[in-house]
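Before this model goes into further calculations, here are some notes for a colleague who will be looking at the coordinates directly. The points below are grouped by region.

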Amino acid sequence: MEGSIIVKWKRAAKAAPAVSLAALATYNLTQKRHALLRNFPVVGYMRYLLEEMGPGLRQYIVTSNDEERPFSRNQRRWIYASSKLQNNYYGFGTDNNVEFTLGYPIIKHRTFADVRPAAERPSSAIPSAKVLGGHRGRVKAFRPGSVVNVSAMSFGSMSGNAIEAINRGAAAAGAMHNTGEGGLSPYHRNGGDLILQIGTAYFGCRDVNGHFDISRLKDVVESGPVRAIEIKLSQGAKPGLGGMLPGAKVSAEIAKIRGIPEGVDCASPSRHSEFHDVDSMLDWVEFIASETGLPVGIKSAVGNMDFWDDLVTHMASDTRGVDFITVDGGEGGTGAAPLIFSESVAYPFRIGFAEVYKRFAAADIADAVTFIGSGKLGLPDNAVVAFALGADMVNVGREIMLSIGCIQSQRCHTDTCPTGIATQNSWLERGLDPMLKSERVVNYINTLRRDLQKVSEACGVEHPGLITTGDLDILNGVGSKTPLREVYGYQPEWGLPSAADRAAISRLQHP
């Protein structure tokens, strides 16, 4: 009797797949939502499977080493190898089609130069040439210890383990870590110096009605190693558009930090309510600076230039002003956004940054501001162009994510990040070890700074801030090139540190 039961069970088990497929086919033959599945009730699912897996497979199988975007296989490989202290050199020449690529930058090395080798200098961190907040005499002005720092990425959009890993790594590398607009979380409190970002929703420094509260801001500033405050006007991922954190990501912890209801979609307005023009914005900047003593700056992507013209006019004619400006490229970033915004709203970094910097340089007030670049500048070649155009420091975001394990699955907005970085799913987050990954952040930042230092020496200078638009050409195809200075309409003296800042660099390099 027992044997016959087992036989029947085995037969049923064998028949189960066929029965399941028959049921699936019957259902799809009668449903009307999907024409493909109605016509091909079983094999039609292969299309959806390939659609889901396709982007991940293409980066390993189909695309060439320098083809995929936003980061090519070569770029990702360089970041991965750098973060693990593996061999990040490339053999047998470049994969890039250099001569036939319009807009390709070429760095012009010098044969002779009186430059002290980096190995003989006291620091590999490469401190900033400018004192942040020094021009306006902020009480807590300081010289940043690194020209490479971490861009704004909020806890909420990023997991706690990811934020902790980045903050620990930034601390060990002597770099600053921007909190993003989501407020100051416990995961930001692992030793790294912070730039506290204030967005349009005033998360972490708002009252019960969602309005800005200076007393709460001061409490937050005093509770952690906050070195500066950044007012976010817009960002490259979604310029001119407010942010959105889905309710599924708004845990009790995030709700408490941000001062919002738990489990409810968290929308940030597209514009600030505390000011409505440049004049009122500068009043607010000076108010925050006087109350906290900290340097205060702004972050923005670049679109209509009326704002920047007005800002330059005000800063050139009175005593108010921002201490730093973070220019974000409009190519998109860590934040998810509607396709039209990430692809077509705001200028790419180089054009946007140059348009802003030129206005300050023409008004002879560029030395009064620390310029920070953001937008795929965690790759040495892009960073060198940014420094040549006048950037004093660069912020890196997606590259830091890659250094701690991001595989560019582009699921940041779905809460299903497979590497536990851009998610609040506890099961996925557990895969990311903050202590191990923090070491990779250190390795990546140190490697990027090392390469910037080596390129500076090749150009005959001792600091990336001394690279000028005369040190690069832009290729226009076979047999044609244009100096970077002419491409962006710079005067020969623009983009160089002031005499005082050059003297400071010299003292730092030759103590």
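1. A polar contact, as used here, is a pair of N or O atoms within 3.5 Å, where, within protein, one atom must be able to donate a hydrogen and the other to accept it. In this predicted model, such a contact joins the side chains of Ser300 and Ser234 at 3.1 Å.

2. Ser300 belongs to strand S8, which covers residues 296-301. With a relative accessible area of 7%, Ser300 falls under the 20% cut-off and is therefore buried. Leaving aside residues up to four places away in sequence, Ser300 touches Leu233, Ser234, Trp308, Thr326, Val327 and Asp328, and Ser234 is also its partner in the polar contact of 3.1 Å.

3. Helix H4, which spans residues 73-83, has eight of its eleven residues buried, so the helix is largely enclosed by the rest of the structure. The buried residues of H4 are Asn74, Gln75, Arg76, Trp78, Ile79, Ala81, Ser82 and Ser83. After H4 comes Leu85, which has a positive phi, near 55°.

4. Sorted by class, the lining of the largest cavity consists of six nonpolar, four polar and three charged residues.

Key:
Residues numbered from 1 in each chain as written. Predicted model: local features only at pLDDT ≥ 70, side-chain atom pairs only at ≥ 80, totals over all residues. Heavy atoms only, no water. Nonpolar A, V, L, I, M, F, W, Y, C, P; charged D, E, K, R; others polar. Helix = DSSP H or I, 4+ residues; strand = E, 2+ residues; numbered from the N terminus. Buried < 20%, exposed > 50% of the residue type's maximum accessible area, 1.4 Å probe, protein only. Contact = heavy atoms within 4.5 Å.
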